[in-house]
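Here are my notes on the two-chain model you sent over.

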Amino acid sequence: MEYAISILLSGISVGGQYALIAIGYTMVYGILRLINFAHGDVFMVAGLMGIYFTSWLTSVMSPGAAVLCSLLLVIVMTVLLGFIIERVAYKPLRSAPRMSVMISAIGVSYLLQNTATYITGGQPMTYPSIPFLFDTVTVAGNNIKWAVLLTPVLVIILVLALTQLINRTKVGMAMRAVAKDFETSRLMGIKINSVISVTFVIGSALAAVGSILYFTNYQSIVPTAGAMPGLKAFVAAVFGGIGSVPGAVIGAFIIGICETIIKGLPSAWDVSVFSDAFTFALLIVILVFKPTGLFGEKATDKV
Amino acid sequence: MLKINDLKVNYGGIEAVKGISFEVPEKSIVTLIGANGAGKSTTLRAIAGLVRTSGGSVEFMGEDITGKDTTEIVSRGITLVPEGRRIFPDLTVLENLKIGAYLRKDSLESDLEWVYDLFPRLKERHWQAGGTLSGGEQQMLAVGRALMSRPKVLMMDEPSLGLAPIIVRGIFDIIREINRQGVTVLLIEQNANMALQTADMGYVLETGRITMTGTGAQLLADEKVKAAYLGT
C-alpha cells in the first residue's frame, strides 16, 4: 500500500512535469500548425541555466537568495530564448511550406544540443538541490520530495490561469482567432506576430517551470536530457488532441502515471525496461480508435 | 475619400490587376463588378494591405497608405468584409463582434447597440458559437464585426455569395442603411444587378483593367453590361 501510494504520487508528479512541456507543444501547434521540435531542448537549456545561474549567483549572495534569483532568472531567460527562436528560425518562414518550418525546428533542436555539449563538454551536470523543493516529507510512510507533492498543485494552478487567459482576456481571444484564421485576424487589426510571440513566451515559461521541478527530481543533465521528456510531452499533446490545452494536460498525467506504474512493477516480471515502448504503444492504440486524440478537433487542417 | 491610382498587383506570377484607377467619394456606395478572375478581390485585398502592390498608389483621406500593414490600415478606418464571411466559428457571436473592435480602447456598448439594432438576430444569438449560425446570419455577423471597428470605409467582397435571394435583398437593404448613417461603401459583386441598383458609381473590371465607368443607373441601362453581366 505504501509502495502503491509512492508510485502514484511519483506518477502524478512526472505527469505534471510532462504537462508543463506539453502545453508548449500544443499551443504552438494550435497557432502555427508546427511541431516545435526544439521545445524539449529549450527545456534542457532551462535546466542547464538553472545550474550555471545558481553557481554564479552563489558566489555573490547568500545561497538561499542565489537559488531564488536564479530560478527567476531561468524563467526570464527561457522566455527570451523561446521568443528569439521564434523570431529568428520560424518567423522568416511564415509563408513557406510547413515542412520547411519543421526542418528549421529540427535544426534549432540540434543547435541547442550541440551548444550544450560545447558548454558542458558533454559531461553530465548536476542540478542544484533547491531548498524546500528538494527537502523530503513523509507521506504514508514514504519519503517524498516537496517537488513531487507540489508539481500537481502548481500544474493545476498554472493551467487554470492559462485557460482563464485564453478564454477571458483580449489577447486570449486574439490567440483563438489567429489559431483559426491568420488573414481574417489581420483584418481585425490583430498583429499576428505579436500573438505568436505571446504563445512562445507562455510555452517557454511553462517549460522553464517544468525544468525546475523535473531536474530537482532527476538531478543529472546531459545535452540530450530534453529529448525524452520532450518526446513524451509531445506524445501527451497528441494523445490529448493536439491544439487542446486541457487535452495535453490530461494526456500528460495519463502517460506519466502509466509509465511510473510500469517502472514500478515487481522486478521479477522484468518489464520496467519497456516503459517507454509502452508509452508509444498506448499512443498508437488511442490514435487507432480516436485519430484526433482525446479532445482533438474534428477538422484539424486550416481553411 | 479613397483614391486608387494606377494600381498594379501581381498574384501568383500573373498580373491580376493591371493598373486601375478609381475613386470612392465620401459617403457614397461604389461597386466594382466583373466576372470571376477579373481582379476584383485582389483589388480589395491590396487596399486592405493583405497583398503587396507592385505599382501605383492608394490614397486615403489625402494620405498615401500604399504598402502600409493591415493593422495600420484598419486603425485608419478602412475595413474589409472578406469573401465567404470568414467569421470565427469557435468564438461566440459576441466575441466575434468584440474582436472586430480589437484595436479600439474605448467603450463598445453604444456600438454593440448599433449593430444589434441593425441585426436584432445577432442579439438573440450573442452567446452562440459563430459557426452554428446560418449562412445569412454569418454574413450579418461578418458585417457587424466589421462595423465594430467604426470604419470610415467599409469594403465588402461578394456579400451575396451563396445566399438565398430573399436574404441577399436583406443584406443590400442593410448596406444602404449603413451608408445612410455615414459609412462609405466599396462593394464588389458578381450579382451585378443588385450591386448596380444599390451603387452611386460603378466600374466594370475585365481581366485586371477597368473597361467601363458610370453611375449605377447608367451601367444598368448599358447594352454591353446587360449582355455580359445582367443576362438580359
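1. A residue is called buried here if 20 or more other C-beta atoms lie within 10 Å of its own, exposed if 12 or fewer, and partly exposed in between. Keep in mind that this is a predicted model. With that cut-off in hand, take S109(A): it has 22 C-beta neighbours inside 10 Å, so it counts as buried.

2. Staying with S109(A), where does this residue lie? It belongs to helix 4 of chain A, which covers residues 98-120. If you set aside the neighbours within four places in sequence, S109(A) is in contact with F37(A), A38(A) and D41(A). It's also worth a look at G226(A): this glycine and S109(A) are 117 residues apart in sequence, yet 9.6 Å separates them in space, C-alpha to C-alpha.

3. Now for chain A as a whole. Its secondary structure comes to eleven helices and four strands. The radius of gyration is 19 Å, close to the 19 Å that the globule rule gives for 303 residues, so chain A is as compact as a globular protein of that length. Along the principal axes, the C-alpha atoms of chain A fill a box of roughly 60 × 50 × 35 Å. Of the 303 residues, 47% count as buried. If you take the contacts in chain A between residues at least 6 apart in sequence, 76% of them join residues at least 24 apart.

4. Two packed helices are described by the angle between their axes and the distance between the axes. Helix 1 of chain A (residues 2-32) packs with helix 10 of chain A (residues 245-263) at an angle of about 145°, and the axes are 6 Å apart. The crossing of helix 1 and helix 10 of chain A is right-handed. What kinds of residues make up the contact of helix 1 of chain A with helix 10 of chain A? They divide into 17 nonpolar, eight polar and one charged.

5. The second pair is helix 5 of chain A (residues 146-168) and helix 6 of chain A (residues 170-180), packed at an angle of about 75° with axes 5 Å apart. That makes helix 5 of chain A roughly perpendicular to helix 6 of chain A. Helix 5 of chain A makes the contact with L165(A), I166(A), N167(A) and R168(A), while helix 6 of chain A brings G172(A), M175(A) and R176(A). By class, the residues of this contact of helix 5 with helix 6 of chain A are three nonpolar, two polar and two charged.

6. Helix 6 of chain A turns up again where the chains meet. How many residues of chain A are in contact with chain B? There are 14, and they touch 21 residues of chain B. On the chain A side, the elements that give two or more residues are helix 6 and helix 7 (182-187) of chain A. Helix 6 of chain A provides the largest share, five residues. By class, the side of chain A that touches chain B has six nonpolar, two polar and six charged residues.

7. On to chain B, which has ten helices and ten strands. For 232 residues, a compact globule would have a radius of gyration near 17 Å, and chain B agrees with its 17 Å. Its C-alpha atoms fill a box of roughly 45 × 40 × 30 Å, taken along the principal axes. Of the 232 residues of chain B, 46% count as buried. Among contacts in chain B with a separation of 6 or more, 67% come from residues 24 or more positions apart.

8. In chain B, have a look at G216(B), which lies in helix 9 (residues 216-221) of chain B. G216(B) counts as buried because it has 20 C-beta neighbours inside 10 Å. Leaving aside neighbours within four places in sequence, its contacts are L196(B), Q197(B), T198(B), A199(B), D200(B) and G202(B).

9. Last, two backbone angles to check. Most residues other than glycine have a negative phi. R33(A), however, has a positive phi, near 55°, and lies in the loop between helix 1 and helix 2 (39-58) of chain A. T207(B) is not a glycine either, and its phi is positive at about 35°. T207(B) sits in the loop between strand 9 (201-206) and strand 10 (209-215) of chain B. R33(A) counts as partly exposed, with 16 C-beta neighbours inside 10 Å, and T207(B) is partly exposed with 14 other C-beta atoms within 10 Å.

Terms used. Residues are numbered from 1 along each chain as its sequence is written. Chains are lettered from A and ligands numbered from 1 in the order in which they are written. This is a predicted model: local features need pLDDT of at least 70, side-chain atom pairs count only at pLDDT 80 or more; totals for chains, interfaces and linings use all residues. Axes are lines fitted to C-alpha atoms, for helices over the stretch in contact, and angles run from 0 to 180 degrees between N-to-C directions. Angles under 35 degrees count as roughly parallel, over 145 as roughly antiparallel, 65 to 115 as roughly perpendicular and the rest as oblique. Two residues are in contact if their C-beta atoms, placed from the backbone, lie within 7 Å. Ala, Val, Leu, Ile, Met, Phe, Trp, Tyr, Cys and Pro count as nonpolar, Asp, Glu, Lys and Arg as charged, and the others, Gly among them, as polar. A crossing is left-handed if the near helix is turned anticlockwise from the far one by less than a right angle, and right-handed if clockwise. The radius of gyration is taken over C-alpha atoms; the globule rule is 2.2 Å times the number of residues to the power 0.38.
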